[in-house]
Amino acid sequence: MKFLAAILDALTAFVQRNPLFVLSVVVLALVAPALLKGVAAFILYLFLGFVLFVGVLVLLLRWRIWRVQRDMERQFRAGGPGYSDGSPFAGRQRRGREGDVRVHKTAGTPEKRVASDVGDYVEFEETKEK
């Protein structure tokens, strides 16, 4: 019963918001019922066309995503640029032993940002508290 009351409340609110539209539909229904049938059919076909258009767009989007995903998987398996046998690190050659860290100075880095005579050196000793 609450469902029917909610529908009636919504219809009355629509009539209150759009009185000219409701009046024109009532006059059209009384004066030319065949024309009203044509208008209703047009609105129905317009709505169904919109739903069909949105459905086709969703299917095209899903197909495109699936195709891009498949192409990326194929490129990864085939060893695209920078890849060999599917691993992103397989194409790189290791230099030195594992765990060795090498720091290289870049040419654009300035030697010092602060003069050497700035600041004091403070000796300290670590102690353990009991």
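What follows is a short chat about helix packing, an aromatic pair and salt bridges in a predicted model.

Me: Which residues count, given that this is a predicted model?
Reply: Local features need pLDDT of at least 70 and side-chain atom pairs pLDDT 80 or more, while totals for chains, interfaces and linings use all residues. Residues are numbered from 1 along each chain as its sequence is written, and side-chain values use heavy atoms, without hydrogens and water.

Me: At what angle do the axes of α1 and α2 cross?
Reply: Helix α1 (residues 2-17) and helix α2 (residues 19-31) have axes that cross at roughly 100° and come within 5 Å. So α1 is roughly perpendicular to α2 (the range is 65 to 115 degrees). Helices here are DSSP runs of H or I, at least four residues, and axes are lines fitted to C-alpha atoms over the stretch in contact, with angles from 0 to 180 degrees between N-to-C directions.

Me: Which residues of α1 and α2 meet?
Reply: Phe14, Val15, Gln16 and Arg17 in α1 meet Pro19, Phe21 and Val22 in α2 (contact means heavy atoms within 4.5 Å).

Me: Why is the pair of Phe14 and Phe21 edge-to-face?
Reply: Their ring planes are at 85° and their centres 6.2 Å apart, so the pair is edge-to-face. Rings pair if their centres lie within 6.5 Å, and planes over 60 degrees apart count as edge-to-face.

Me: Changing topic, how many salt bridges does a search of the whole structure find?
Reply: The search finds two (a side-chain nitrogen of Lys or Arg within 4 Å of a carboxyl oxygen of Asp or Glu). Asp71 meets Arg70 at 3.9 Å, N to O, and Asp71 also meets Arg74 at 3.9 Å.

Me: Where do Asp71 and Arg74 lie?
Reply: Both are in helix α3 (residues 33-78), three residues apart, about one turn of the helix.

Notes. Helices (H or I, at least four residues) and strands (E, at least two) are DSSP runs, numbered from the N terminus. Angles under 35 degrees count as roughly parallel, over 145 as roughly antiparallel, 65 to 115 as roughly perpendicular and the rest as oblique. Rings of Phe, Tyr and Trp (its six-membered ring) pair if their centres lie within 6.5 Å; planes under 30 degrees apart count as stacked, over 60 as edge-to-face and the rest as tilted.
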